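Visitor: Could you walk me through this model, starting with the packing and then moving on to the charged pairs?

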Amino acid sequence: MTILNQISEAVQAGKKNDVAILVQQAIDEGMPVQQVLDEGLIAGMGIIGEKFSRNEIFVPEMLIAARAMTAGTTLLRPLLIEEGIPAKGKAIISTVKGDVHDIGKNLVRMMLEGKGIEVVDLGVDIEPDVIVDHIKGDEALQLVCLSSLLTTSMTVLEETVRRIDEAGLHDRVKILIGGAPVTQAFADKIGADAYAPDAATGAEKAVDLLAG
């Protein structure tokens, strides 16, 4: 078994210490860091995402695997920057005002980072103004990821998208939304660019939006 396969399997098993050791070993052996990221960490997390989509595993297993992957990306990130390998895009992520849930948000953030996307996590219970101001202040920003886990905060999700539109920023950033009560119909209604029912799909949709 190659070291890349070992990294992939360690990610899938959620063995973050093993992931860190194996990634460091690959670095020490002079393996290209992009290859370690793509064929080791992202490959392993991709398999986990597919299993999650098929309901073969659930959120706890996803979180454990994502944390294991993060142990590897933490080692690779400074090397990617040092080699001048650009991020695949830049995103902000937050749970909207009135909602303090963060497990889903954190999982999406880790999976986006695993895809090579730079992510700024604004946190939870975030006002629309804060999100709009952040977009205005960061010309490199391309993607806005918004989460609402409560039906009561879905109106804030709608308001946030509207405020981004009114500020004339929607032509510069794409908006991806998700959360338990959110649906594709709701995303269409409020003018979001994409909807994701789970973290694995969210990461794939983010890559598609950035590529498009």
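Visitor: Which residues touch the most other members of the largest nonpolar core?
Guide: Ile7, Leu41, Met45 and Met62 do, in a core of 46 residues. A nonpolar core here is a set of buried Ala, Val, Leu, Ile, Met, Phe, Trp, Tyr and Cys residues joined through side-chain atoms within 4.5 Å, where buried means under 20% relative accessible area, exposed over 50%, and partly exposed in between (1.4 Å probe, protein chains only). This is a predicted model, in which local features need pLDDT of at least 70 and side-chain atom pairs count only at pLDDT 80 or more, while totals for chains, interfaces and linings use all residues. Residues are numbered from 1 along each chain as its sequence is written, and side-chain values use heavy atoms, with hydrogens and water left out.

Visitor: What does Met62 touch?
Guide: Leaving aside residues up to four places away in sequence, Met62 is in contact (heavy atoms within 4.5 Å) with Met45, Ile48, Gly49, Phe52, Ile57, Leu107, Met111, Ala199 and Ala200. There is also a second, separate core of 24 residues, with Ile126, Val144, Leu146 and Val161 among its members.

Visitor: Switching to charges, how many salt bridges does the structure hold?
Guide: There are 14, a salt bridge being a side-chain nitrogen of Lys or Arg within 4 Å of a carboxyl oxygen of Asp or Glu. One of them pairs Glu127 with Lys97, whose closest N and O atoms are 3.9 Å apart.

Visitor: Where do those two sit in the chain?
Guide: Glu127 lies in the loop between β2 (118-126) and α6 (128-136), and Lys97 in the loop between β1 (90-96) and α5 (103-114), so the pair links distant parts of the chain, 30 residues apart. Helices (H or I, at least four residues) and strands (E, at least two) are DSSP runs, numbered from the N terminus.

Visitor: What about Arg109?
Guide: Arg109 forms a salt bridge with Asp121 as well, at 3.0 Å from N to O. Through shared partners, salt bridges join Lys105, Arg109, Glu113 and Asp121 into one network.
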